[in-house]
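Here is a short briefing to read alongside the model. Please take a moment to look it over, and then we can walk through it together.

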Amino acid sequence: MSSGTKNVSLILERSVLERISNANKINISGFLTAHRGRLVRLPVSIDQYLKWTSSNWPTRLEMLNEYTRGSFSMGTRQRSRNDFSSKFSISTKVCKKKGVISNTTLDEMLAFVEESGPEGHSEKGALFSYKKDGDVYEFELSHDSIMGGEKDETDVPDGKKGTNRCVEMCAGGHTHPAGEYIAQKVAYAWPSHDDCDAFLDKVISKTSFLHFVFTKEGVYIMSLHPNAIKKGSKFIRGSKKRTGAYRFALPTTKHGMKPSEYISKLKAIPKDEKVLNVDFRSYKDRRPFIFYYPTEGDSCDI
Ligand SMILES: [Zn+2]
């Protein structure tokens with residue numbers, strides 16, 4: 001901390017908190033607490049906060065693990081991760097579909113990418129609804145689901161859990177805002193290592209199976225690689241160590257690695273080690289992308 005800076009913590013009694021929140025319809029988006037020697041933001045509602053204040057420490061630790069599950073970030077900060085129970089099991093049958101993002105949604109997301117928030121940080125996370133048009137799924141921004149990010153990381157809402165995988169609102173996404181390109185001095189911003197891990201966390205918690213990263217240069221589309229689905233839950237659960245292969249430094253100029261070269265590098269990862277299927281489309285490129293997910297029971301219905 002630099003001298004002259006004062007950090008003030010405000011501790012409110014629950015009665016005061018309830019009164020403020022009720023009277024002003026304040027949307028309390030999160031709380032800070034110390035966890036393993038660092039401050040973490042809990043993206044919780046007031047109800048969850050009240051549960052927190054009335055819980056003992058073993059319960060709080062469980063809540064912390066739940067709330068600090070990987071978030072999406074352009075940076076590479078290490079966050080505490082949930083160590084998932086052995087309960088996670090998915091089907092090893094692969095569903096393969098084609099998708100496009102609607103023009104309206106592409107325009108809206110590009111506007112979010114280009115808008116500069118406070119200190120250039122304006123990362124957004126959201127869910128995308130889908131409807132089938134012929135054999136192609138068309139994705140549309142769900143406006144109610146938009147969440148603003150804190151600093152250079154953001155949270156993406158969860159879809160609905162099924163038995164084997166996510167079953168509703170399973171496509172999430174987040175932006176890499178233009179301000180972050182300036183702050184981090186980069187020309188392109190493909191998915192970060194944290195993005196890959198945060199997506200895996202969502203797959204394991206069965207709250208997503210598809211993720212879009214909206215950037216200045218276009219959209220990166222992430223789903224599970226068929227290899228990972230066929231190998232099953234144990235392989236996916238142990239895949240945090242494999243996502244390191246998906247990490248490539250962001251170029252500082254457009255003469256550096258290009259998005260198409262990044263995709264080629266990912267294609268070169270040995271098939272047996274492939275965890276994610278990542279594709280890229282510029283905003284003008286309307287070719288459908290392919291995405292994969294496991295069946296729910298025997299069903300590919302989404
Ligand atoms: Zn990101």
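A residue is called buried here if 20 or more other C-beta atoms lie within 10 Å of its own, exposed if 12 or fewer, and partly exposed in between, with C-beta atoms placed from the backbone. This is a predicted model, in which local features need pLDDT of at least 70, side-chain atom pairs count only at pLDDT 80 or more, and totals for chains, interfaces and linings use all residues. Residues are numbered from 1 along each chain as its sequence is written. Helices (H or I, at least four residues) and strands (E, at least two) are DSSP runs, numbered from the N terminus.

**Helix α4**
- Helix α4 covers residues 103–114, twelve in number, and spans 16 Å from its first C-alpha to its last. That is close to the 16 Å expected at 1.5 Å a residue, where the expectation is 1.5 Å times one less than the number of residues.
- Thr105, Leu106, Met109, Phe112 and Val113 of α4 are buried. They lie on the same side of α4 because they cover an arc of only 125 degrees around the axis, taken from the directions from the helix axis to the C-beta atoms.
- On the other side of α4, the exposed residues are Asn103, Thr104, Asp107 and Ala111.

- Strand β13 (residues 219–224) is mostly covered, with six of its six residues buried.
- Strands count as paired if DSSP finds at least two bridges between them; β12 and β13 pair antiparallel over five bridges, and Phe212 stands opposite Ile221 in β13.
- β13 is also joined by six bridges to antiparallel strand β14 (residues 276–281), where Arg281 is the bridge partner of Val219.
- Beyond four places in sequence, Ile221 touches Phe212, Val278, Asp279, Phe289 and Phe291, a contact being two C-beta atoms, placed from the backbone, within 7 Å.

**Two buried loop residues**
- Cys170 sits in the loop between β10 (166–168) and β11 (171–175) and counts as buried because it has 27 C-beta neighbours inside 10 Å.
- Cys170 and Leu127 are 43 residues apart in sequence, yet their C-alpha atoms are 7.5 Å apart.
- Ser192, in the loop between α5 (178–183) and α6, counts as buried because it has 23 C-beta neighbours inside 10 Å.
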